[in-house]
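The stops below go from a pocket to helices, then to single residues and backbone features.

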Amino acid sequence: MARLRYIYVSVLALIMTACKSDVKVKELAPVKQVELGFRSVNVLTEDELDFKDLNKDGVLNPYEDWRLSVEQRSADLLSRMSLEEKAGFMLISTTRLENDWSFSRPQNNEPITSGFNEVDQVNETNIFTRKPLPYPTISAAGTTKDVTEFHKRHFILRANPSVEILAEYTNNLQELCEAHTHGIPAIITSNPRNHIAIDASIGLTVGKTPFTQWPGELGLAAMRDFELTREFADISRTEWLSVGLRKGYMYMADLATDPRWQRVEGTFGEDADLAARMIREVVLGFQGDSLNATSVALTTKHFPGGGATEGGQDPHFDWGKREVFEADMFQNNLIPFKAAIEAGTSSIMPYYSYPVHTPFPEVGYAFNKEVLQDVLRKELGYEGIINSDTGPIEMMPWGVESLSITERYKMALEAGVNLFSGTADPSKLIETLKANPDLIKQVDHSVSLLLNEKFRLGLFENPYVDVDNAVKVVGNDLFAEQAALAMRKSIVLLRNQGGENEKSLPLKEKTKVYFETYIPVRDGKNSNVYLPEGYEGSVELVSDPSKADMVLLWLVPKGKSLFESDGSSLHVNLSENGIDNDYVNSLIAKKPTILAVNFTNPWAIDEIYSDSRPNNIKAVLATFGTTPEALLDIVAGEFSPTGKMPFTTPVSDEMASKQKSDLPGSMEEEGYALFHFDEGLTYKE
């Protein structure tokens with residue numbers, strides 16, 4: 001456990017007046033000893049204050065002096081770093097725990113521990129497209145080698161271990177960094193860990209974790225409760241801070257303008273103004289008004305918005321590399337990023353795709369100087385870190401495929417990328433810098449930005465965490481209560497039909513309900529009856545639809561995972577996304593039915609429901625990652641629905657295929673929509 005020291009002293013400062021002969025003594029506010037956390041370095045004492053001797057030279061250097069400004073400390077440390085150290089500092093890649101085989105075939109069946117994985121993960125093929133790479137790439141290096149030979153200090157943690165193991169690992173990694181050269185601490189980044197998600201894939205979201213589980217991002221947007229959104233972010237920040245995760249690859253400011261895109265689930269919907277409000281709240285909730293020792297820094301992605309995909313295809317693959325602004329809505333995509341910048345987001349991540357039907361060059365955004373410099377830096381006034389997505393140099397160099405690796409690095413550096421994600425090995429970047437010494441000025445600027453972030457986060461003073469405290473904090477009951485509230489507020493009531501002058505919902509007390517969840521699973525059972533022991537709600541749950549007064553059917557359509565993409569056409573109708581419509585329609589025909597659909601995309605549900613086709617469906621609800629308990633509370637009237645749709649859903653798959661890729665559904669022609677953006681009923685109406 002890191003040793004902590006607190007000393008409180010007062011200092012006297014001599015303030016020189018304009019008169020040369022006059023000297024006045026003024027007592028300033030007390031200087032408070034900051035909390036120091038360390039494992040191996042010595043402590044230096046000056047003016048009765050303690051400092052860490054991070055480079056082990058026995059002298060208090062400016063970068064070790066927490067009394068100085070961030071800029072002074074960064075400038076001093078930068079002057080001490082070699083070219084090789086700077087290059088390593090500009091890379092971020094996966095860090096793996098002992099027995100953690102992320103991105104590779106498991107080499108044993110042992111459980112993940114808080115030790116280091118010292119095996120290099122070397123790829124000869126693109127982990128996404130499965131095509132050959134120009135040369136073997138180390139996507140994750142052995143931990144000790146990564147720190148001591150590659151000089152890395154930025155890491156992405158993909159694994160999903162217990163809270164205790166996660167906290168122990170971050171301490172172990174920080175101890176290793178502390179012992180090496182300048183004692184520069186690590187910053188550990190993660191994708192989202194606090195949401196219910198259907199497509200839980202590496203690089204998207206971690207999925208179900210020990211952290212407090214909230215609705216998906218679409219569900220948070222559906223709440224229209226910006227105060228609760230801020231509380232979500234603050235609670236998540238507290239949990240991340242407790243285990244040593246100090247940066248998030250999140251959240252997506254992209255607009256869900258093509259309903260087929262496989263990343264809609266991670267957005268805040270189709271509307272730029274709503275997405276902007278959501279991004280503002282999550283940035284302020286995670287970071288605070290400015291970065292500090294209790295912040296989790298965020299990386300807002302994917303600039304300048306990745307939702308205008310061609311055919312819904314994603315630019316992780318060459319068949320999705322074109323982002324088509326056929327409705328001339330490029331500026332609309334910038335609105336959420338403006339909000340993120342105003343809120344102070346620490347980093348912004350450009351996407352792999354390149355723009356079509358714009359004035360900008362058709363090269364990937366990581367190489368697109370006109371977009372990153374003229375739009376992001378100059379037009380939007382962004383001064384923070386530009387962090388590439390994973391692998392634009394080696395794996396997704398769209399628009400610059402003919403360039404060599406070093407030429408791609410050069411172009412991306414000139415475009416303004418400060419931190420490169422995807423490879424652990426800095427050798428090609430070092431080669432680029434040695435061949436192009438004029439790039440050193442840009443490199444120094446990048447390293448300064450990255451150092452500034454670490455200093456502001458307080459990592460140089462104390463990067464360690466209290467493992468016992470982390471176990472108590474993560475997923476505690478108070479946090480879970482607020483998440484449960486959000487689950488209920490995220491549900492949208494779209495249709496509520498019944499007899500004359502009455503509605504079907506909420507259900508009357510003692511109504512017999514058959515509650516079935518239908519979710520496509522590989523090699524498993526799609527249909528599951530919800531019948532928990534000890535249920536004490538106002539309705540009565542039954543095991544068979546024949547015994548029910550009402551069927552509650554919750555469909556969870558599930559298309560191909562993003563990383564199962566093969567370039568074939570994408571669709572939003574239910575039958576193309578895992579739903580057996582014959583089975584569903586036969587169940588609906590048996591009894592009056594409440595239909596709930598989990599919308600990870602704007603699904604077209606015309607195969608089982610339309611406003612013009614009469615059948616047994618009496619009410620329709622939309623969910624966006626919630627729990628059976630929350631849905632049942634809405635249906636039973638224990639909680640009145642308040643949610644609003646975060647996007648428009650098309651009346652059919654055919655209409656979805658005709659949508660302009662950059663045009664929100666709410667702006668499409670009349671007759672496009674079944675459910676409209678911002679639509680939602682409540683029982684109070």
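Start at the second largest pocket, which holds about 540 Å³ of space. A pocket here is an open set of points on a 1 Å grid over the protein atoms alone, where a 1.4 Å probe fits, with protein on both sides within 12 Å along at least five of seven lines; lining residues have an atom within 4 Å of a point. Grid points are joined across faces, edges and corners, and the volume is the space filled by probe spheres set on the points. Select Lys558, Gly559, Lys560, Ser561 and Asn577: of the 26 lining residues, these are the closest to the centre of the second largest pocket. By class, the lining of the second largest pocket has eight nonpolar, ten polar and eight charged residues. Ala, Val, Leu, Ile, Met, Phe, Trp, Tyr, Cys and Pro count as nonpolar, Asp, Glu, Lys and Arg as charged, and the others, Gly among them, as polar.

Two notes on the source apply to every stop. This is a predicted model in which local features need pLDDT of at least 70 and side-chain atom pairs count only at pLDDT 80 or more, while totals for chains, interfaces and linings use all residues. Residues are numbered from 1 along each chain as its sequence is written, and side-chain values use heavy atoms, with hydrogens and water left out.

**A helix pair**

Next, select residues 405–415 (helix α10) and 427–435 (helix α11), whose axes are 9 Å apart and meet at an angle of about 70°. Helices (H or I, at least four residues) and strands (E, at least two) are DSSP runs, numbered from the N terminus. Axes are lines fitted to C-alpha atoms, for helices over the stretch in contact, and angles run from 0 to 180 degrees between N-to-C directions. The angle therefore makes α10 roughly perpendicular to α11 (65 to 115 degrees). Show side chains for Ile405, Thr406, Tyr409, Lys410 and Leu413 on α10, and for Lys428, Leu429, Glu431, Thr432 and Leu433 on α11, which make the contact (heavy atoms within 4.5 Å). That contact of α10 with α11 consists of five nonpolar, two polar and three charged residues.

**A covered helix**

Move to helix α16, residues 628–635, where Ala630, Leu631, Leu632, Ile634 and Val635 are buried. Buried means under 20% relative accessible area, exposed over 50%, and partly exposed in between, with a 1.4 Å probe and protein chains only. Just past the end of α16, glycine 637 has a positive phi of about 80°.

**Buried single residues**

Which residues does tyrosine 609 touch, apart from its neighbours within four places in sequence? They are Arg495, Gln497, Leu595, Ile617, Val620, Leu674 and Phe675. Tyrosine 609 sits in the loop between β26 and β27 and is buried, at 2% relative accessibility.

Now select lysine 86, in helix α2 (residues 83–89). Is lysine 86 buried or exposed? Lysine 86 is buried, with a relative accessible area of 11%. Not counting residues up to four places away in sequence, lysine 86 touches Leu78, Met81, Val443, Asp444 and Val447.

Proline 355 is in strand β18, residues 354–356, and is buried at a relative accessible area of 0%. Its contacts beyond four places in sequence include Glu323, Phe325, Phe360 and Tyr365.

**Backbone features**

For cis peptide bonds, go to methionine 250 and tyrosine 251, joined with omega of about 0°. Tyrosine 251 is in the loop between β14 (247–248) and α7 (272–287). Another cis bond, also with omega about 0°, joins phenylalanine 303 to proline 304; proline 304 lies in the loop between β15 (297–303) and β16 (322–324).

End with two aspartates. Aspartate 328, not a glycine, has a positive phi of about 60°; it is in the loop between β16 and α8 (330–343) and is exposed, with a relative accessible area of 64%. Aspartate 678, again not a glycine, has a positive phi of about 75°; it is in the segment after β29 (673–675) and is partly exposed at 42% relative accessibility.

Definitions and conventions:
Angles under 35 degrees count as roughly parallel, over 145 as roughly antiparallel, 65 to 115 as roughly perpendicular and the rest as oblique.
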